[in-house]
Amino acid sequence: MAETILEMRHITKEFSGVKALDDVNLKIKKGEIHALCGENGAGKSTLMNVLSGVYPYGTYTGDIVYKGENCEFNTIRSSEKKGIVIIHQELALIPALSIAENVFLGNENTTFKGVIDWDETDRKARDVLSTIGMGSEDLSQQVQNLGVGKQQLIEIAKALTKQVELLILDEPTAALNDEESNILLELMLNLKKQGITCIMISHKLNEVSRVADSITVIRDGHTIETIEKTDKAIEEDRIIKGMVGRELTNRYPERNSKIGEVVFEVKNWMAYNPLDSKRKVINDVSLHVRRGEVVGFAGLMGAGRTELAMSLFGKAYGKNISGTMIKNGEELHLKSIKDAINHKIAYVSEDRKKYGLVLINDLKWNMSLSSLASRFSKHSVIDSNDEIHLTEEYRKKINIKANSIEQIVGSLSGGNQQKVVLAKWMLSEPDVLLLDEPTRGIDVGAKYEIYTVINSLADAGKAVIVISSEMPELLGICDRIYVINEGEIAGELQKDEFSQERIMKIIMNHIGRVK
Amino acid sequence: MSNETTTMNQKKLARANLKQYGMMIALFFIYVIFLILSDGKNAAPMNINNLVMQNSYVVILSVGMLLCCLTANVDLSVGSVVAFCGAAAAIMVLDYHIAIPITFVVVLLIGLLVGMWQGFFIAVMKVPPFIVTLANMLVFRGLTMVILNGQTKGPLPQEFTQVGAGYLPQIFMQVGGTKIELLALLGGLFASVLLVLLEVHARRNKLKHHFAVSPIWQVGIKLAVIIGVLNFITIKLAFYMGLPLVLLIMLVLVLIYSFVTNNTVGGRQVYAVGGNVNAARLSGINTDKVMFWVYTNMGLLAGLAGIVLAARNASATPKAGDTFEMDAIAACYIGGAAVQGGVGTITGAVIGALVMGVLNNGMSLIGWSVDIQRVVKGLVLLAAVTADLYNKRKSS
């Protein structure tokens, strides 16, 4: 049983100078379920992408020894040939194709010259589906009509048809409900009996300790430790400590909070999924922010933080939104994003390229975009002198490094792009700012500058909400933190209670309660 | 700002300007080539007059089409809508004897309603514009055939044809045996003075606010070229019949739409929607509303083009406006609009339309067949867009 099927040695992978993985070692025994745990961005997915050939050989350093053989995978296909199959968080299914077609996607049963043998396809699909307990499904059904849970199973069926020996699952239960998760976990244990080795990435420690034989904790691109499951259950506290136990250095500007009265308050906020109006995304959230206060939203990916912020921002996300929103003592009924902007609320999105900027336009146009009607025009004619003066003023104010305000935003670095987005929303003179991952994907220096901007916004008496997946960041810049999980407020921490372990514990307890 | 950065900005500005004028230079060369090939025929006063009149509808349509292109879409129905509106106008005037001014207003309203009808499906029902306008291309071509019973309706009274084939007030003068129209000459001079004054004003304003300005020699060359071309045209027109009415219509449209796209919130919103619809939406722009008005506007301009075309032909025919949508779309792309949306100017679209027009006209003059003309126009479009994309890739 103790035979090693896979060993990854000294894996180092850089993304434009930033080390995502730094000398990582991982050893997987044949026939075990091995869990990878770590914070968002710790490097788990990157490691699995290296293993499966998503990042080809040569773009990383280190060795992959699989079944005693040194492997150099250049494509996903080359790793699949060896029996290593990865199932990503975002499923790789074609929604409008049938179950049978999806199961054999890229691996079709052909007669000769690439003609598909449909009888063979159906027969084999039936076989493989019955091994995963889906034998009674209609094979000609379109995959988009299935629930996420069943779609996940189809992905596994797909892997099984490829003679999988090592199956990698990236957060397989993240989108599943309790019952669906159960089915999936049972299936994993079943596959283990059939001799298939499994690597699973998961945040859900209760699931990990239920099915995993060993756990490797990754943090900041390093392997911290590998914990073997002996007779005792694996202690969740130990995993959490391993996941977050990094030291806080002086990466955050000094903050002297001058906190005033409550300016923004939300009560019993509810929102439903716009695509599936029965699915509650935000459940009974009540929160408040005071003048000059920086409040953090902590939580795991998919906890509903972005959805919450966007639903508050003039219903930019969600359906059947209900609840009360009060700003400066006045109850607001925002109908549109424009409404929200007019009521001095701003939302800086988590994906600046997709949702924040018009990359082909210059700084000036981007910065004035959200306040064109309110600030830069009279009778809807733009005052271009005003526009140039004000955007130039803000460019200097928050130190955007660009040749001029007429430089195309797409040519700026990530940090400077983020500052353009911030400037855009500062120009709309908001009282309440919702900042969604304001420092994602930018370097440490630019981060510091963004923190400084956040501080000065708070000092100017604004109410600031920061969403971040980097817990140390929240601890470093916030006055108070709401921990959000599964669309609910799972807990609240005052500044003197701040610690990463506490946040993680609140999340884990909440997951336990929901289950 | 230090001197160094000033010169750097100026260099940048110069380069940007050069790119902007690239198509203008190409237009100039195309014209000169045909000037040589046709032994100067394409510079004859009557031909200049024809160039203006023949291309008026494509220019009118290109102005509206540019807004569609800015949103990364096209309108395939304009040719059919042009025919439909022209037919409606002819029927109202000839069959129902409705006064011509009322007819014009009603036909423009019909164009507007057609645009709203398309805008409704695009903005509210979220049907892709390509499909909506393709469907309406068939619908309105069919309706045109139906209301015209498949036959040409004409001749239209002179009061009607005035719009497409008439002239602004004329004052003729005999100079050494040739008849010269005075107002065309004066119009050209007046416009030249106005251009200089506007440029000076804009420059002063920029300097007052310490903004970067183009070097004076560049502005001088630019003005000299524009004034030269302008007076070349007006002088030639003076030797013929004076200023065509459609020239005024085009000029007014170009000025209005340049102003709208450059200086108004609505115009900026169209660019933002085309550049990144998600970012536009999250910046408080009602993107559906923008789409609705872009297509409504296109309908209105198609109505206007329908009137002008019927007027010039003195009749409405079931086949009128055939492939006009392709000319208008090609004009926008030749004029520098990006297929991905968010990039393009009204001036560019007009220049694109003129490139197509000068090509058409020149090839006709030297006797190339319509079939060959299509081949050449197609290749020019392909070359223009390829060159544009190639330049972009190289610079990025």
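Tutor: We may begin with helix packing. Axes are lines fitted to C-alpha atoms, for helices over the stretch in contact, and angles run from 0 to 180 degrees between N-to-C directions. Please note that this is a predicted model.

Student: At what angle do helix α2 and helix α14 of chain B pack, and how far apart are their axes?

Tutor: Helix α2(B), residues 45–70, packs against helix α14(B), residues 346–365, at about 140 degrees. Their axes are 8 Å apart. Angles over 145 degrees count as roughly antiparallel and 65 to 115 as roughly perpendicular; α2(B) is therefore oblique to α14(B).

Student: Is the crossing of α2(B) and α14(B) left-handed or right-handed?

Tutor: The two helices cross in a right-handed sense.

Student: Let us turn to sheets. In what order do the six strands of the open sheet in chain A lie?

Tutor: Strand order is read across the sheet, and here it is β16-β19-β20-β13-β21-β22 of chain A, with mixed pairing. On average, neighbouring strands are turned by 20 degrees against each other, direction ignored.

Student: Why is one side of β16 and of β22 in chain A left without a neighbour in the sheet?

Tutor: β16(A), residues 345–348, and β22(A), residues 488–494, stand at the edges; each has a single partner strand, so one side of each lacks a neighbour in the sheet. β22(A) runs antiparallel to β21(A), residues 480–485, and six bridges join these two strands. In one of them, N485(A) has E488(A) in β22(A) as its partner.

Student: How many residues does each chain bring to the contact between chains A and B?

Tutor: Chain B gives 20 residues and chain A gives 26. On the side of chain B, α10(B), residues 265–275, and α11(B), residues 277–282, each give two or more residues. The largest share, five residues, comes from α10(B). By class, that side has six nonpolar, twelve polar and two charged residues.

Student: What confidence scores accompany the model?

Tutor: The model scores ipTM 0.88 and pTM 0.81. For chain B, the mean pLDDT is 91, and 94% of its residues reach 70 or more. Over residues 1–6 of chain B, however, pLDDT stays under 50, and the model has two contacts beyond four places in sequence for them. Where pLDDT is low, predicted coordinates should not be read in detail.

How values were computed: Residues are numbered from 1 along each chain as its sequence is written. Chains are lettered from A and ligands numbered from 1 in the order in which they are written. This is a predicted model: local features need pLDDT of at least 70, side-chain atom pairs count only at pLDDT 80 or more; totals for chains, interfaces and linings use all residues. Helices (H or I, at least four residues) and strands (E, at least two) are DSSP runs, numbered from the N terminus. Angles under 35 degrees count as roughly parallel, over 145 as roughly antiparallel, 65 to 115 as roughly perpendicular and the rest as oblique. A crossing is left-handed if the near helix is turned anticlockwise from the far one by less than a right angle, and right-handed if clockwise. Two strands pair if DSSP finds at least two bridges between them. Two residues are in contact if their C-beta atoms, placed from the backbone, lie within 7 Å. Ala, Val, Leu, Ile, Met, Phe, Trp, Tyr, Cys and Pro count as nonpolar, Asp, Glu, Lys and Arg as charged, and the others, Gly among them, as polar. pLDDT is the predictor's confidence in each residue, from 0 to 100.
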